[in-house]
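Q: Could you walk me through this structure, starting with the charged pairs and then moving on to the strands?

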Amino acid sequence: MKKFLSVIMSAVLLCGALTACSSAPAAEAEPTPEPAPEVVEGIDINIAGMSGPTSMGLVSMLDKASKGETVNNYNFTLAGAADEITPLLVKGELDIAAVPANLASVLFNNTEGKIQILAVNNLGVLYVVEQGETIKSFADLKGKTIYSTGKGTTPEYALNYLLTQNGVDPAADVTIEWKSEATEIVAVLKQNPDAIAVLPQPFVTVAQTQVEGLNVALSFNDEWNALGNGSSLVTGVIVARKAFVEENPAQVSAFLDEFKASTEFINTNVSEGAALVEAIGIVKAAVAAKAIPNCNIQFMEGAEMKTVVSGYLQTLFDQNPKAVGGAMPTDEFYYSR
């Protein structure tokens with residue numbers, strides 16, 4: 001009997017052990033480790049911009065680069081005019097540059113596609129100014145003399161387009177006096193209280209500190225958008241040599257990330273950004289602080305960039321094909337990462 005009970009107890013204990021084993025939680029699978037982020041090896045990049053709003057979006061990035069806080073090292077050249085930048089870019093002495101949108105298209109056509117656009121950095125920064133309040137629309141400019149800089153570039157084509165769209169013939173209904181520098185226009189405004197001028201920011205703000213009673217009559221950007229033509233007034237873009245982009249895709253992508261952060265910084269930290277604008281030699285910080293909100297500093301890339309730039313270039317091409325280099329640029333003009 002004792003032997004029988006011993007056998008029964010052994011069987012019960014065995015079943016309990018088996019049950020315990022079967023109900024034990026399964027061991028958790030080891031988590032799959034996430035791949036380590038790609039480490040981009042920075043390079044020296046030669047970059048240039050003009051002394052104005054097209055360079056303002058770069059200042060935070062350049063400041064960080066000087067402190068060793070960026071992926072790439074940026075060697076920056078501040079130019080007085082676009083024609084100082086163009087030959088350096090074509091010869092390969094520059095890798096990236098901030099230039100007028102139509103000039104980017106001209107370069108693409110003239111170099112057989114060796115220049116690409118990476119991003120939009122400014123929308124409209126042009127304004128009609130006067131010492132009074134007589135100009136309420138572009139139609140009111142009929143019969144007037146207008147002083148402007150930028151013959152052959154964005155100011156001329158944008159002015160002609162907006163005049164035409166408001167029923168004013170640029171060739172017959174107005175007289176446009178072209179000046180080489182904004183300082184010449186400020187001198188005219190000082191001498192002639194009835195003068196009407198087209199100026200970009202930040203030079204509008206500079207002029208207002210020197211010419212008493214100078215008012216902004218019209219914003220090119222607002223007037224362009226009011227036409228509802230499906231395009232935007234694109235003042236400045238970032239371009240690069242195609243060969244440089246193809247040879248350094250990771251570094252170009254890092255540049256775009258750093259430039260995007262730089263534009264966001266200056267738009268949200270105006271006083272700090274204004275100090276950097278002065279440090280780089282564009283205008284004094286007090287002027288920059290007032291001008292930055294009206295400089296339409298942007299960052300657009302990819303499909304959005306292509307939409308706004310192609311629409312803008314089409315309006316120029318319709319006026320004068322030479323304005324964009326004789327032909328609308330092909331899809332290869334627009335870089336996408």
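The chat below takes up salt bridges and then strand pairing.

Q: Before we start, what kind of model is this?
A: This is a predicted model, and what I say about its side chains and strands should be read with that in mind.

Q: Okay, how many salt bridges does the structure hold?
A: The structure holds eight salt bridges, and one of them is formed by the side chains of Lys-91 and Glu-93, with an N to O distance of 3.6 Å.

Q: What about Glu-156, which residue does its side chain meet in a salt bridge?
A: The side chain of Glu-156 meets that of Lys-151, again in a salt bridge, at 3.6 Å from N to O.

Q: Is Glu-156 buried or exposed?
A: Glu-156 is buried, because its relative accessible area of 14% falls under the 20% cut-off, whereas Lys-151, at 55% relative accessibility, counts as exposed.

Q: Moving on, which residue pairs with Asp-331 in a salt bridge?
A: That is Lys-306, whose side chain meets the side chain of Asp-331 at 2.9 Å, N to O.

Q: How accessible are Asp-331 and Lys-306?
A: Asp-331 is exposed, with 51% relative accessible area, and Lys-306 is partly exposed, with 31%.

Q: Switching to strands, how many residues of S3 are buried?
A: Strand S3, which covers residues 96–100, is mostly covered, with five of its five residues buried.

Q: How does S1 run relative to S3, parallel or antiparallel?
A: Strand S1 (residues 44–50) and S3 run parallel and are joined by two bridges; within this pairing, Ile-47 stands opposite Ile-96 in S3.

Q: And S10, how many bridges join that strand to S3?
A: Five bridges join S3 to strand S10 (residues 234–241), and these two strands run antiparallel. Here Ala-98 stands opposite Ile-238 in S10.

Key:
Residues are numbered from 1 along each chain as its sequence is written. This is a predicted model: local features need pLDDT of at least 70, side-chain atom pairs count only at pLDDT 80 or more; totals for chains, interfaces and linings use all residues. Side-chain values use heavy atoms; hydrogens and water are left out. A salt bridge is a side-chain nitrogen of Lys or Arg within 4 Å of a carboxyl oxygen of Asp or Glu. Buried means under 20% relative accessible area, exposed over 50%, partly exposed in between (1.4 Å probe, protein chains only). Helices (H or I, at least four residues) and strands (E, at least two) are DSSP runs, numbered from the N terminus. Two strands pair if DSSP finds at least two bridges between them.
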